[in-house]
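Subject: Structure handover

Hello,

Here is the structure we talked about. Please open it first, then read my notes below.

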Amino acid sequence: MTAGTDPGTREREDVTVVGGGLAGMTAAWTLRRLGLPVRLLEASPELGGMAGSRVIDGRTEDHGVHIFPAWYRNTLRLVGELGLTDHLRTARKFHQLLPGPEFRTADTPAADRLLFLYGVLDLLAQDYRAGDESLHDFLRGRRYLSPAAVADIEHLFVASSAAESTAVSAAGFRGSIAAFVRHPGRVRMPRGDLQQWFVGPFRQRLEAAGVEVLTGRELTAVATDDHRVRTLTLRGPDGAETEEAVPGQLVLAVPHGRLAALGPGITGALRPAHGILELTSRPLGALHLYLRRRLPGLPDEHIRLVGSPHAITLIDVGQTWPGHRDSLLNCVVGRVAALRHLADDEAVKILVEELMAYLPGLDWEDIEHVCYQPHSSAPFHAPGPGSARHRPQAFTAFADLHLAGDFCAAPAGVAGMEAAVRSGLVAAESVRRRLRPELPAVRVDTIGDVPPPVARLLRAALRPAVAAVRRRSGGDGPGGNGSVRR
């Protein structure tokens, strides 16, 4: 008998997972492997969410560029469980490209590299358990950093998160740096679009394992009573709405905005109650350029355009994806929100001209097709300063309700696909505790951290060298006097 039930009764073991993004797919996969009957409902025609793809103008287009860093431990283990490890390729390095009439890779001077390293150690030396600050405030408080170094760090973060430094948690940025330090292995990338090489095969594994997958089922409302979710209202592919009972446990794996829209009956059951109303998301745009030729000299790995006004990063996937002879530039637009007042064709013109400043020889005549996705209706979760206390746990005040999603509670810095996969595992563990407490706990790998005292020792060892560099340069950082903060 399951803990918390009346004598002589037993919880129904059926599990309904609403939301077929990576979080919901992971939860469904893990619960089915526990032997539970699982049904997965998704509003869109395909699974995958932001990890999936859409057919636009007859072409399969990813939501954006996807990478798998070595610290994505749960994601990479899931890839292995699904038998898809060979669907990823290993990247050798990360390139930083400068504007100019020829390809120029940024070669950071030794003094600036030392200051950057000191800044990283300084960030790792902070203990944010009792509080937080914005990345902007952290950087502006480091007088040893030059304004150029601050701008470079901010641009690097915007390119991956869509959030400006004033809206970014310093604790979260610290967590990301610690993850890379603890797991410094090479980044991996899909060998083709993620739908074909990851999401599609993932769905096949789910269905082969016995998960009932139903697409075109949009959750529009829920009814609750006596600390349980009693019914779901679903809109089908034909637009008609139906109400159905929740037979057992329910995992909601929908974006936090959709979850909040279900009303106080649900948000009040979260832990913390109503905290989800404080969370924010921002769009991370995608621009895919199909060229009529192979652009010479361009690496086939991740490239950041240094100083790009719209924080563009890109990969020429045409060099590695099967079926392509010419360049296909998959670009991420970190500051896409700055273009929201423009028509799409105007935004594309601005972004392409920005690319031309960095990619010598790129001309409008080279472009055979353009796919621009500003993603204003599919924003990227961006944890702000102090937002950790609002992120909900997988368990709730309801006996039958559990949560998954990249917005759920997680160690600082865990974001993107890793946050989604991790949340799916944690939600499955919450269900296991309710239904199958006799089984071993669901495995959730930790990323690890760099203890602040260790970082402080290393920072102290570098302090004399940093002070000497600043004296020789005579430059003032954001604080104004060029001194090295202790």
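Start with Pro-272, which sits in the loop between helix 9 (264-267) and strand 14 (281-282). Keep in mind that this is a predicted model. The peptide bond joining Arg-271 and Pro-272 is cis, with omega about 10°.

The loop between helix 9 and strand 14 also holds His-274. Phi of His-274 is positive, near 60°, and the residue is not glycine. Is His-274 buried, exposed or partly exposed? His-274 is partly exposed, because its relative accessible area is 35%, between the limits of 20% and 50%.

Ala-311 has a positive phi too, near 55°, and is again a residue other than glycine. Look for Ala-311 in the loop between strand 16 (303-305) and strand 17 (312-316). Ala-311 is buried, with 0% relative accessible area.

Next, the helix packing.

Helix 1 (residues 22-33) meets helix 11 (residues 416-435). Their axes come within 7 Å and cross at roughly 40°. Helix 1 and helix 11 are therefore oblique to each other. Their crossing is right-handed. On the helix 1 side, the contact uses Leu-22, Ala-23, Thr-26, Ala-27, Thr-30 and Leu-31. On the helix 11 side, the residues include Met-417, Ala-420, Gly-424 and Val-431. The contact residues of this pair divide into 10 nonpolar, 4 polar and no charged.

Helix 3 (residues 110-124) packs against helix 6 (residues 170-182). Here the angle is about 115° and the axes are 9 Å apart. So helix 3 and helix 6 are roughly perpendicular to each other. Helix 3 passes helix 6 in a left-handed crossing. Helix 3 brings Val-120, Leu-123 and Leu-124 to the contact. Helix 6 brings Ala-170, Phe-173, Arg-174, Ile-177, Ala-178 and Val-181. By type, the residues of the contact are 8 nonpolar, no polar and 1 charged.

Last, the cysteines.

How many disulfides does a search of the whole structure find? The search finds 0. Take Cys-371 as a case. The closest cysteine sulfur to that of Cys-371 is in Cys-331, 11 Å away, which is too far for a bond; a disulfide needs the two sulfur atoms within 2.5 Å. Cys-371 counts as buried, because its relative accessibility is 3%. Cys-408 is buried as well, with a relative accessible area of 6%.

Best wishes

Terms used. Residues are numbered from 1 along each chain as its sequence is written. This is a predicted model: local features need pLDDT of at least 70, side-chain atom pairs count only at pLDDT 80 or more; totals for chains, interfaces and linings use all residues. Side-chain values use heavy atoms; hydrogens and water are left out. Axes are lines fitted to C-alpha atoms, for helices over the stretch in contact, and angles run from 0 to 180 degrees between N-to-C directions. Helices (H or I, at least four residues) and strands (E, at least two) are DSSP runs, numbered from the N terminus. Angles under 35 degrees count as roughly parallel, over 145 as roughly antiparallel, 65 to 115 as roughly perpendicular and the rest as oblique. A crossing is left-handed if the near helix is turned anticlockwise from the far one by less than a right angle, and right-handed if clockwise. Contact means heavy atoms within 4.5 Å. Ala, Val, Leu, Ile, Met, Phe, Trp, Tyr, Cys and Pro count as nonpolar, Asp, Glu, Lys and Arg as charged, and the others, Gly among them, as polar. Buried means under 20% relative accessible area, exposed over 50%, partly exposed in between (1.4 Å probe, protein chains only).
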